[in-house]
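The sequence and structure come first, followed by the notes.

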Amino acid sequence: MSAFQTFAATVCAHPPRLAVVLGSGLGRVPHRFDEIASISFADVPGLVAPSVHGHSGRISLGLCAAHPLLVFRGRLHFYEGHTWERVASPIHVLAELGVKVVLLTNAAGGIHDQLNPGDLMVLKGDLFLQKPNGWKQPLRTACYSPQLVEQVQKNERERGRKLLAGVYAAVTGPCYETPAEIRGLRAMGVDAVGMSTAFEAETAASLGLEVVAISCITNKAAGLTAGTLNHAEVLANAHKPAERISEMIEALLPDL
Ligand code: HPA
């Protein structure tokens, strides 16, 4: 048996309804998690190890609040030079492993005035600007489950916290935006900008999965504060809401 077949058999014995895909810097989420088994992306047919600092590139199966949970520690980005097929490959893997709901997380720059480093936003739609002419397409809301948006907002309200539901723009990167691009995105109704998630959400929805996505605001977008952006700042701020995301996952699991 290959390492993946052994892992898949263990997943079958503890079938998770939810998989979480962790973005930059969220490596240790969820905090209360008893790992049962894990495998490196490199040992999964169709996946390769991520090249981005802050992504360990492992899939863990474990128990969170007594529920089986699959956690993807890292993802494959278009800006790393991967094909779209490869970017979507973790989603195909989690669907094959029987998961029904996926929570995508990402690091993003805040454009909405209320989004500051350390804040979270749940996605109610996206602009997929990573493909030619993406900016001519309308806002995409169909990939994101409105029930799950409401559920995570309700769970947050019950903890006395406000969670903005906003629009995410997925851009190619790998460099951060110019201030002019951010003014343009703001005019298009975008609340947060990042370099992932949109195609994974589209793929998951096309496979019949329910999707919810959370942006971790690591910085104010370019031009909204003095100074320039860099990946070190993004990583330094990405771990700030890790406890809050852990609690959100725990709160969501019993309702799935
Ligand atoms: N822009 C794009 N991607 C990002 C940003 C940003 O400001 N912050 C974290 N990921």
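In this predicted model, a polar side-chain atom of asparagine 219 lies 2.7 Å from a nitrogen atom of the ligand. The ligand on its own would expose 260 Å², of which the protein buries 96%.

- Glutamate 177 places a polar side-chain atom 2.7 Å from a ligand nitrogen atom.

**Shell around the ligand**
- The residues around the ligand are Ala107, Ala108, Gly109, Tyr176, Glu177, Val193, Gly194, Met195, Thr218, Asn219, Leu229 and Val234.
- By class, seven of these shell residues are nonpolar, four are polar and one is charged.

**Strands that supply the shell**
- At least two shell residues come from each of strand E5 (101-110), strand E8 (192-194) and strand E9 (210-220).
- E5 gives the largest share, with three residues.

**Helix H7**
- Helix H7 spans residues 242-252 and is mostly covered, with 10 of its 11 residues buried.
- Among the buried residues of H7 are Arg244, Glu247 and Glu250.
- The buried set of H7 also includes Ala242, Ile245, Ser246, Met248, Ile249, Ala251 and Leu252.
- In an α-helix there are 3.6 residues a turn, so residues three or four places apart point the same way.

Terms used:
Residues numbered from 1 in each chain as written. Predicted model: local features only at pLDDT ≥ 70, side-chain atom pairs only at ≥ 80, totals over all residues. Heavy atoms only, no water. Near = heavy atom within 4 Å. Polar contact = N/O pair within 3.5 Å; in protein donor to acceptor, adjacent residues only side chain to side chain. Areas by Shrake-Rupley, 256 points an atom, 1.4 Å probe, with all protein chains shown as cover. Helix = DSSP H or I, 4+ residues; strand = E, 2+ residues; numbered from the N terminus. Nonpolar A, V, L, I, M, F, W, Y, C, P; charged D, E, K, R; others polar. Buried < 20%, exposed > 50% of the residue type's maximum accessible area, 1.4 Å probe, protein only.
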